[in-house]
Every structure is written in structure tokens, then in C-alpha cells.
Amino acid sequence: MTILLEDTTGTGYDATAPTVNWATAWLSERKELFIGGTWRKPAGEEYSSSTNPATGKLLGHFAEASKIDVDSAVSAARSAFSSESWRTMSRRKRAELLRQIATVVRRHHAELATLECLDNGKLYREAFNDDIPEVWEVFEYYAGWIDKYYSENCPVDAGFLNYTKREPLGVCGLIVPWNFPLLLAAWKIAPALAMGNSVVVKPSPFTPFSILRFMEIVQNEVDLPAGVINLVTGGAETGKLLTEHPDVDKISFTGSTATGKRVVHGSADSNLKTISLELGGKSPNIVFEDAPDLAFAIQRSFDAMFSHKGEKCSEPTRFFLHKSIYDQFLAELSSRAEATICGDPFDSRSTQGAQCNEQQLNKILYYIEKGKKDRLKLVAGGHRDVSGDNEQGFFVRPTIFADVDNRLPIAQEEIFGPVLVVTPFSDEDEVVKMANETTYGLAAGVWTANLSRAHRMADKLDAGMIFINKYGCYDFASPFGGFKQSGWGKEMAVHSLDSYTRLKSVWLKID
Ligand code: NAD
């Protein structure tokens, strides 16, 4: 394995051969469940394994949590939630614990980035510069909120005082996917703990290791009361057990729309627990003829689509280009796609890593083959990358189909990989209709120098996040989440705090 990376974040941590050697040794021991502050073997003594997508080789083993284990984890979370040590902990102390978690993540930056890279297949550069810094930042961000989250004094009729209280929900099940494994767990753990809940986290069976390591370092280096964070690894069955558990108060779920619907059923059929859903997308990116800086629009659109090898929920997978700039834009996209170097995620020369797992690889290849069979115009990629040492890895060339009818399945169904469809348009009404013609509504991009048009488009586009003249802007201070079948509710900012609390109205009669 070649490791050529330099530290670009200034934290002083770097991917060095010793870190990868450390990870290899760490991964050689099978991982247990973290319940009630201790590591436990799974009751059924069952273990699963995960693969390094860049090599196709076995990476490590982790426990499969059964019903007994999920029950134990929920019960440990319940005890922690009700315990004096957590329930009455001062806000200042709780904030301090979140800050300690942030510090510990920062201390183990390279280790966590290395595990993310080995397990997910993303470039080390992406894990190191994007994923892991955001993990510690989100803990810092919500630590800051803890003593600044106020309730209301409501303006009711004279003779009464009416005020609201924000109370923690209780035990929260946090179910996350494999594309940003530790980061998306942190997006949920930080606000849930900030509001005084306890949690049971369930990562994806494709990428359990960064969160397992996170749990170890938090256990070793932070004085968190036992049972406040529990970790159960496993697949769909483990997630289902958590979703249907009668003593879980909330499920915060990030994953596919199909699984999100199962989570809703699981809640309805058990205790009607509260649910937040961050689901799939098929987001449009609309470039008008007057885009203020076409060169920037091309580069940014390409990066937004293909970074993290196209495994991002909010990526723009449908480009709508005004016909006057269509040929030039498409040619530039295609030359960037052809120049992409798929390869060893630790090698700084690689510009695209490996798809996360074989199932995902096959799904992507299915859509590519379907596109070819349907005689769509293929302008870049269209196959696996088996060059050099890539043969056993799950690499796919960035693929672009042009002149695509927006109603085709390839333009309607989420592929979750480096497959882009491009469609020309002539006027605003036509493009709004096509952009909104989808069951999803996560994000949408608009490129125009015309301010009135920018605002008109922001009004008309049916998506939870609108990016004008720069696709893919994120900030903890801004709500994240989609409309329609892209989800329910918002994460980030105060919205996450609202979603991990219940609102109580208190009336007092004043004589
Ligand atoms: P997935 O739905 O297959 O799995 C997500 C998680 O749910 C995993 O931990 C999985 O084990 C668990 N799970 C599976 N079946 C379950 C069930 N019946 N009950 C409870 N849990 C169950 O999704 P994935 O393939 O891991 O991730 C890719 C999907 O996630 C894409 O659709 C992507 O758009 C979406 N995603 C959305 C966002 C967002 O913020 N909107 C962010 C990242 C990913």
C-alpha cells in the first residue's frame, strides 16, 4: 500500500505507515458490542465480517447483535437515562463531556480516518479532511448550544402564566448508513446527548469499524456515565429490533427511502415512537446560460457529483444544462471524468476511491448496463476500473450519460454511485417541471447571475436545500434535510435539538 499523503489540516496528524499498521493489528481482533459501559460478546456468539472495498479482501469481524443484545442495550440506555448522574448533571458538565469527546476524536484523527478509508473505500484525503474534522466539530457545536437553548413564555390571557419546557425524549435509537459512517452517527449522537437523552447506535454492517473505535476511545478517555452511549452492530435484523422496540422513544434514521418506510411501519406497529428520516435523493443541478462563472460552475458541479465516489445523498445526479452552454459544459465534464484516477485510497495520486461494497458495485453496474442497453448516449466511463492493482477492488469509472429523458428509470431512481445523467433545456418553466418530476426532494442547485430568477427558482424547486451558484454548501447552523420521499424533519442547528426533545406546556393560574 502506497502512502503519500501530507497533512493538510494543520492538526499535525498524518496517514503514515504506522497508522495503517496499527489499524491492521487492531482489526485483527474481532469486535464486541458496547452495552452499559462494557464490551460484551453477542448473546448468540455470532459474528459478521466486513471487506476492504479497495482490495476485496476481508477487513475484520464484528458482533451480530440479537434480540437479547438489543434488549440489553435498550435497558442499559433506559437505566442511564433515568440515573441521577445523567438526568441531573449540570448543563456545564454535560457540555464539558461533549467537548471532551471532540478532543478525543481530534487526538485520534488519523486512526479514525484510516479506518474510515479502509472500511468505506473513500479517499484517505476525503476521510481525513472532510469526515473526521466534522465529527469533532459537531460535538463542539452542540456543546455550545446546551446552555443557550431556551423555552418560551407564552403570551396567554391575563390571570395565567404559561410557559414551555423542552424535555429529553429518553432512549434514542440511531441508525446510520455506510457512506459517512462515523460522521452521520456523530450528527445524531451530539445533539441527542446535548439534550440529555441516552442512545443506542447501530452502524451499517458494511462500515462498523470507525464507530467501534470511536466507542473505545470515548470509553477510555471520557468520563461518560455508563449506558449513555451503547453500540450494537449487525444488519437489517438488528435495526428492525431497535425500530420495533417498545422501550425506544425515538428512531433517528439515515438511509434509503425503502428502509425508511420500514422504520415507519416498525414504529407504527410498536409504540408509535417519534421518527426522523434522512433518506435518498436524485437531486437536480440546473445551469442557466448566464451562470456567473462557468469555469467554476463546471468544476464545482463535477466535484459535487463525483467526490466520495458519488456515494452522497445530496449529490446532484441529474444535470440540466441550458442548450446554449450544453456542448461546452458536457465536454468539460467528460474530460474531467476521463482524467479521474481510480485507485488506492491512500495514494495521493488517486482522485476516486472504491465503491463501498460489492452489493453497491453491482447496483451501479446494473444501471450502467441498463443505460447502455437502452442506447443512451454514453460520454464518459461506463465500466469498472480494473487498471493496475484495481482488479479485486470495487472501482467504477465516473460515468456520464447525455441527452437523457428525465422520465427514464436511470434519471428517476437513486443509484448512489458515480453515474450522472445530463439533459438539455430551453426555458425556466420547462426545467422547473423536469427538476421537480421526481419522488425525491433533497437538494437542488441553480447557477444564474439573474437575482430575480435565482429567487424564483428557490421558490419553485421542491427540495429541502437550494444551492445557488455553489452546489453543496453545509454548515451546522443551517438545516439539513429533504422533502417528499427524501425524509421527515431536519438535522443540524436548533432543529436537531428540537427533534431530540418533547415540548411540554405548563399553565399556572395566578389569583
Ligand atoms: P439502508 O437503508 O440499506 O441502511 C441504512 C441503515 O439501516 C443500516 O444501518 C442498515 O443496517 C439499517 N437497516 C436495514 N434494514 C433495516 C430495517 N428493516 N429496520 C431498521 N434498520 C434497517 O441504506 P444504506 O445503503 O446503508 O445507505 C445508502 C442510503 O442512505 C442512500 O439511499 C442514501 O441516499 C441514504 N442517505 C441519506 C442521507 C440523508 O441525509 N438524507 C445521508 C446519507 C445517506
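Me: So where does the ligand sit?
Reply: In this predicted model, the ligand sits in the largest pocket.

Me: Which domains give residues to the shell around the ligand?
Reply: Domain 1 (32-48 + 59-279 + 490-503) and domain 2 (284-478) both do, so the ligand lies between them.

Me: OK, how many residues surround the ligand, and which are the closest?
Reply: There are 29 residues around the ligand, and the closest are Val 176, Ser 256, Thr 259, Leu 279 and Glu 414.

Me: Switching to polar atoms: what lies 2.7 Å from an oxygen atom of the ligand?
Reply: A polar side-chain atom of Thr 259 does. From the backbone, an N or O atom of Val 176 is 2.8 Å from a ligand oxygen, and one of Gly 255 is 3.3 Å from a ligand oxygen.

Me: How much of the ligand's accessible area does the protein cover?
Reply: The protein covers 90% of the 840 Å² that the ligand has on its own.

Key. Residues are numbered from 1 along each chain as its sequence is written. This is a predicted model: local features need pLDDT of at least 70, side-chain atom pairs count only at pLDDT 80 or more; totals for chains, interfaces and linings use all residues. Side-chain values use heavy atoms; hydrogens and water are left out. A residue is near a molecule or strand if one of its heavy atoms lies within 4 Å of it. A polar contact is a pair of N or O atoms within 3.5 Å; within protein, one must be able to donate a hydrogen and the other to accept it, and residues adjacent in sequence count only if both atoms are side-chain atoms. Accessible areas come from the Shrake-Rupley method with a 1.4 Å probe; for residues, only the protein chains shown count as cover. On a 1 Å grid over the protein atoms alone, a cavity is a set of points where a 1.4 Å probe fits but cannot get out, and a pocket is an open set with protein on both sides within 12 Å along at least five of seven lines; lining residues have an atom within 4 Å of a point. A molecule sits in a cavity or pocket if more than half of its atoms lie within 2 Å of its grid points. Domain bounds come from an automatic or database domain assignment.
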